[in-house]
Amino acid sequence: MKDLFAKDMEALRARSLDRHLREITTAQGPEVEIGGRRRLINFSSNDYLGLANDPRLSDAAITAIDEFGAGAGASRLISGTQSPHLSLERALAQWKQTEAALCFNSGYAAALGTIPTLVVKNDVVLLDKLCHASLIDGAKLSGAVLRVFPHNHVAKLESHLEWSRREHSGKRVLIVTESVFSMDGDRAPLRELVELKKHFGALLMLDEAHAVGVIGPNGRGLTAAENLNDDVDVQMGTLSKALGASGGYICGSRTLIDWLINRARSFIYSTAPSPAVVAAALAAVEFLSSSEGEERRLLLWERIRLMQDLLPRSELDKKHSAASSAIFPWIVGDEKAALNLTDALQSEGFLVPAIRYPTVAKGSARLRITVTAAHQADQIRALCQAIRYLALKRSDLTV
């Protein structure tokens with residue numbers, strides 16, 4: 001049995017596609033310690049607002065443990081719904097300006113439970129090619145007909161909608177996309193998508209995972225930034241990125257949330273999230289809703305603009321002209337070359353992950369650089385200088 005997967009692992013290593021776990025021996029932050037040995041400046045985290053180790057969240061979690069214990073004890077429909085769960089959902093709905101909200105153990109669980117609840121066999125899901133794996137898996141699990149449109153290609157989506165109307169008349173059509181795409185950092189053309197969904201009578205599900213806390217007033221996401229809150233049927237997000245905690249959520253109409261409570265299998269058949277995690281997420285939502293939270297978000301954008309100004313562009317990366325989010329892809333191409341560049345940056349004192357197939361397409365391996373409000377300007381300058389030096393050595397820098 002121990003050798004059952006040896007050849008498969010050997011094949012992965014030969015293509016520079018094997019992965020391993022990296023032990024972090026400190027809390028998340030702009031600097032982390034690897035394996036208890038070396039401190040690195042951390043440009044790998046989705047903790048965009050620096051809340052993962054914020055005392056507000058820690059204190060809220062400790063207070064919740066003191067009052068409600070460490071675990072929820074059961075699924076939400078059995079006996080696991082505690083006061084912190086309901087408080088968080090009320091706060092999320094108020095913050096996102098929707099009728100109701102429902103929390104899941106993870107963003108992955110939210111996608112996997114929600115999509116099969118919205119569509120079934122012979123319905124249609126139209127999915128952006130660069131959607132997260134959780135959205136793809138949720139669409140496949142639903143049993144609906146799945147069609148993929150090229151990334152942000154509105155004309156092709158319109159063609160798919162026309163096909164759906166013709167070939168699946170009377171069936172439900174669900175458009176699924178992300179507001180900010182996790183590996184490219186660009187945004188969906190939300191206004192155009194809303195126009196199409198209205199014209200064809202489709203539903204629109206938007207994953208705001210990487211927009212929440214970053215984009216829009218009080219970090220409410222792209223729907224709020226574009227003033228389209230009432231036009232997006234299903235708003236999905238995570239509590240684990242800018243909100244600094246863990247879990248996922250769906251926001252929408254009261255009837256949508258009631259339907260999910262009755263039909264979303266990843267919600268029904270999972271033990272509820274721990275009271276501590278839920279309380280920490282609630283503290284983050286309350287912080288973002290405050291003037292201090294908005295100041296932190298604006299500070300993040302100062303850091304984003306600094307990175308935009310200083311980061312050199314790789315020869316393979318011609319499309320990113322203006323920063324759309326806190327995510328900066330530095331395209332390398334070859335998987336082994338991306339790993340080598342990550343290792344070289346680590347030698348210079350930076351933690352920047354190499355992203356490879358199947359997370360991105362073959363031949364489009366990259367460094368995925370994320371900026372947070374907790375980064376100092378000098379740390380961003382130092383990283384950009386190191387990338388410029390290493391890229392010039394590789395002769396793949398556009399200057």
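At what angle do helix α5 and helix α6 pack, and how far apart are their axes? Before I answer, please keep in mind that the model we are looking at is a predicted one.

Helix α5, which covers residues 107-118, packs against helix α6, residues 133-142, at an angle of about 30°, and their axes are 8 Å apart. Angles under 35 degrees count as roughly parallel, and therefore α5 is described as roughly parallel to α6. The crossing of these two helices is right-handed. If you look for the residues that make the contact, you will find Y108, A111, L112, I115 and P116 on the α5 side, and on the α6 side a group including A133, L135, D137 and L141.

Strands of a sheet pair through backbone hydrogen bonds, either parallel or antiparallel. Here we have an open sheet of three strands in the order β1-β2-β12, and its pairing is mixed. Because β1 (31-34) and β12 (350-351) stand at the edges with a single partner strand each, one side of each is left without a neighbour in the sheet. Between β1 and β2, residues 38-42, the pairing is antiparallel and runs over four bridges, with V32 standing opposite L40 in β2.

Finally, the aromatic rings, where the count comes to two pairs. One of them joins F43 and F350 in a tilted arrangement, with 6.5 Å from centre to centre and 45° between the planes. F43 lies in the loop between β2 and α2 (55-68), whereas F350 belongs to strand β12, so this pair ties together parts that are 307 residues apart in sequence.

Notes: Residues are numbered from 1 along each chain as its sequence is written. This is a predicted model: local features need pLDDT of at least 70, side-chain atom pairs count only at pLDDT 80 or more; totals for chains, interfaces and linings use all residues. Side-chain values use heavy atoms; hydrogens and water are left out. Two strands pair if DSSP finds at least two bridges between them. Axes are lines fitted to C-alpha atoms, for helices over the stretch in contact, and angles run from 0 to 180 degrees between N-to-C directions. Angles under 35 degrees count as roughly parallel, over 145 as roughly antiparallel, 65 to 115 as roughly perpendicular and the rest as oblique. A crossing is left-handed if the near helix is turned anticlockwise from the far one by less than a right angle, and right-handed if clockwise. Contact means heavy atoms within 4.5 Å. Rings of Phe, Tyr and Trp (its six-membered ring) pair if their centres lie within 6.5 Å; planes under 30 degrees apart count as stacked, over 60 as edge-to-face and the rest as tilted.
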